[in-house]
Amino acid sequence: KELCAYMKDAFGHPIRLDYGTGHETCFQIVLLICYKVGVFGHKSSSPERLKAACLSLWDAYLQLTRHLQTLYRLEPAGSHGVWGLDDYYILPFYFGAQQLVGVKQQQQQENTTTTNDDDEEEDEHTIIEPSDILRLSTNSTNKKYNNYLYFDCIQFILDIKKGAPFYETSPMLYDISKKFKDWKKVASGLQRYYEGEVLSKRVVVQHLVFGQYFQADWTPSQEHDSTSREEEMLSSLTSSSVFRSTTTRAPWAK
């Protein structure tokens, strides 16, 4: 029953016809419960196996929910517009950033074993950094990024928001790409952002059904904090003066 309740709420609201971070959270809880009951094997399964399961299931989930959003024109639930990370999601960006942690070192090692002169120019561009999202374009077919969840999310934004500059439609993601070269820092910032915008918001977690496998063991309230998490995240990502001068602030921001 607990699993069914979360699965039912993982694809959007049937009456309001919207979709948001609360729904993606339900799907992640489904995966957590499946892990706890042994669907992915023994709890001591290797991190690589769990990583593969997480990424493959999230990829399939994204394809389905994107189709539903397009087919039924689902409204973004609780969206902050350009002041938020994305209209619908946070978690796939986090998992996508985690997927890319260590890719730089791995590919550098692979490149050292390549001695063919014809490959030298190509190898110079095999290291994947956050700034590489700016290389993407509408309907891009760059095979280099096909296997990475983070880049798939960026590509989807570019495809559905054609005709507008990326720095205008997604200023937070744009600032991340310009600010950081380390995926670990990107993932850490996205984790804090998710905790603040979802798990710490009573308006979101009040809809969750807590039970045996998923319990409310944290305090879902940040109402006393007058600083919005969007500003907090943007501030940490764009602390350099070069970004402060280009970041647009909301008229009501203090």
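Of the 254 residues in the protein chain, 41% count as buried, meaning under 20% relative accessible area with a 1.4 Å probe and protein chains only, while exposed means over 50% and partly exposed lies in between. The model is predicted, so local features need pLDDT of at least 70 and side-chain atom pairs count only at pLDDT 80 or more, whereas totals for chains, interfaces and linings use all residues. Residues are numbered from 1 along each chain as its sequence is written, and side-chain values use heavy atoms, with hydrogens and water left out.

The chain exposes about 14700 Å², of which carbon and sulfur atoms supply 52%; accessible areas come from the Shrake-Rupley method with a 1.4 Å probe. The protein chain has 13 helices and two strands. These are DSSP runs numbered from the N terminus: helices are H or I with at least four residues, strands E with at least two. Contact means heavy atoms within 4.5 Å. Among contacts between residues at least 6 apart in sequence, 63% join residues at least 24 apart.

Two packed helices are described by the angle between their axes and the distance between the axes. Axes are lines fitted to C-alpha atoms, for helices over the stretch in contact, and angles run from 0 to 180 degrees between N-to-C directions. Angles under 35 degrees count as roughly parallel, over 145 as roughly antiparallel, 65 to 115 as roughly perpendicular and the rest as oblique. Helix α7 (residues 149-160) takes part in both pairs below.

| Helix pair | Angle | Axis distance |
|---|---|---|
| α3 (residues 47-72) and α7 | about 10° | 11 Å |
| α4 (residues 91-100) and α7 | roughly 135° | within 6 Å |

Helices α3 and α7 are therefore roughly parallel to each other, whereas α4 is oblique to α7. On the α4 side, residues including F93, F95 and L100 meet α7 residues including L149, C153 and I157. The α4 contact with α7 divides into 11 nonpolar, two polar and no charged residues.

C153 is buried, with a relative accessible area of 3%, whereas C4 is exposed at 56%. The disulfide count is zero, a disulfide being a pair of cysteine sulfur atoms within 2.5 Å.

F180 lies in the loop between α9 (171-179) and α10 (183-199). F180 is buried, with a relative accessible area of 14%. F180 and E129 are 51 residues apart in sequence and 8.2 Å apart in space, C-alpha to C-alpha.

Note on methods: Nonpolar A, V, L, I, M, F, W, Y, C, P; charged D, E, K, R; others polar.
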